[in-house]
Amino acid sequence: MMLKYLTIYLALLAGSATAEVTVFAAASLKEPLDALTADSDIVVSYGGSGTLARQVMQGAPADIIILAHVDWMDILIDGGHVAPDRVADFATNWLVLVGPKDIGDVPLTEDGIRAAINGGRIATGMTEAVPAGIYAKAALENLGLWEAFENDLAEFDNVRSALAQVIRGQAPLGIVYETDSRSSDDVRTVAVFPEGSFPPIRYVAALVSDSPEAADYFDRLTGPEGEQIFARFGFLPPVEPPQ
């Protein structure tokens, strides 16, 4: 695992030598961030929020970090890696169950899901580290399904890797975000987890460096331009953080 981090770190160092801004971002944000950074010198490194947060804690050269779970941002704040007054909520998402495009809807019941996986596994993020997996576990627990399916999960280090398993037919179902489902024509949403079954999916960004170029990009990301681009890709406006 440390070799993996070192390889990523060295690659980012090489890229940052020519980039004005280096952004670490949750994998589920790829399409809107690619649109926001088109024709620029900004380099975006996508991955699981936990992995990216740990890289910043180890000194990786990020100007901005964008995560899909507020708990990881709180860890960075508590560790003095980012300043709380440089953190902003900018979007939300929804949790869904996806499957191949040729299957019907799947009831969110033990019998319904069991029939749909037919001995296979449910792909999702790592339930103790990756936001999509953390939300998936919460939803299954709140629906009384965790004990039935905790041993039937295939857990991955980011949500797009989980989605890829369903696209390739290596997992019959996946628990991902609604925007992930929209990103591929090879899968469809077969069930939507009900409101209240998982915590609000808050995307939070932090300005890490003092670079003027990074500050400009952060303002674009969290301002009207970013809001319009994220809405185009199916993301929802930010929720009011709890007091």
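Q: Leaving aside its neighbours within four places in sequence, with which residues is Asn158 in contact?
A: This is a predicted model, in which local features need pLDDT of at least 70, side-chain atom pairs count only at pLDDT 80 or more, and totals for chains, interfaces and linings use all residues. Residues are numbered from 1 along each chain as its sequence is written, and side-chain values use heavy atoms, with hydrogens and water left out. Contact means heavy atoms within 4.5 Å. With those neighbours set aside, the partners of Asn158 are Ala27, Gly47, Gly48 and Val130.

Q: Does Asn158 count as buried or exposed?
A: Asn158 sits in the loop between E7 and helix H8 (159–167); helices (H or I, at least four residues) and strands (E, at least two) are DSSP runs, numbered from the N terminus. Buried means under 20% relative accessible area, exposed over 50%, and partly exposed in between (1.4 Å probe, protein chains only). Because its relative accessibility is 13%, Asn158 counts as buried.

Q: Which strand pairs with E3 in the antiparallel sense?
A: Strand E3 (residues 64–67) is covered on both faces, with Ile64 and Ile66 buried on one side and Ile65 and Leu67 buried on the other. Two strands pair if DSSP finds at least two bridges between them. Strand E1 (residues 21–26) is joined to E3 by three bridges and runs parallel to E3, with Ala25 opposite Ile66. Ile65 stands opposite Ala206, and the antiparallel pairing of E3, over four bridges, is with strand E10.

Q: Which strands are the edge strands of the open sheet of five strands?
A: The order in this sheet is E7-E6-E8-E5-E9, with mixed pairing. Inside this order, E5 (residues 95–100) and E8 (residues 173–177) run antiparallel and are joined by four bridges, with Leu95 opposite Tyr177. Pairing on one side only marks the edge strands, E7 (153–156) and E9 (187–192).

Q: What is the average twist from one strand to the next in the sheet E7-E6-E8-E5-E9?
A: Axes are lines fitted to C-alpha atoms, for helices over the stretch in contact, and angles run from 0 to 180 degrees between N-to-C directions. The average twist in this sheet is 35°.

Q: How many of the nine residues of helix H3 are buried?
A: H3 (residues 49–57) is mostly covered. Among its buried residues are Leu52, Ala53 and Val56, and just after H3, Gly59 takes a positive phi of about 95°.

Q: What radius of gyration does the protein have?
A: The radius is taken over C-alpha atoms, and the globule rule is 2.2 Å times the number of residues to the power 0.38. For 243 residues, a compact globule would come near 18 Å, and the protein agrees, with 18 Å.
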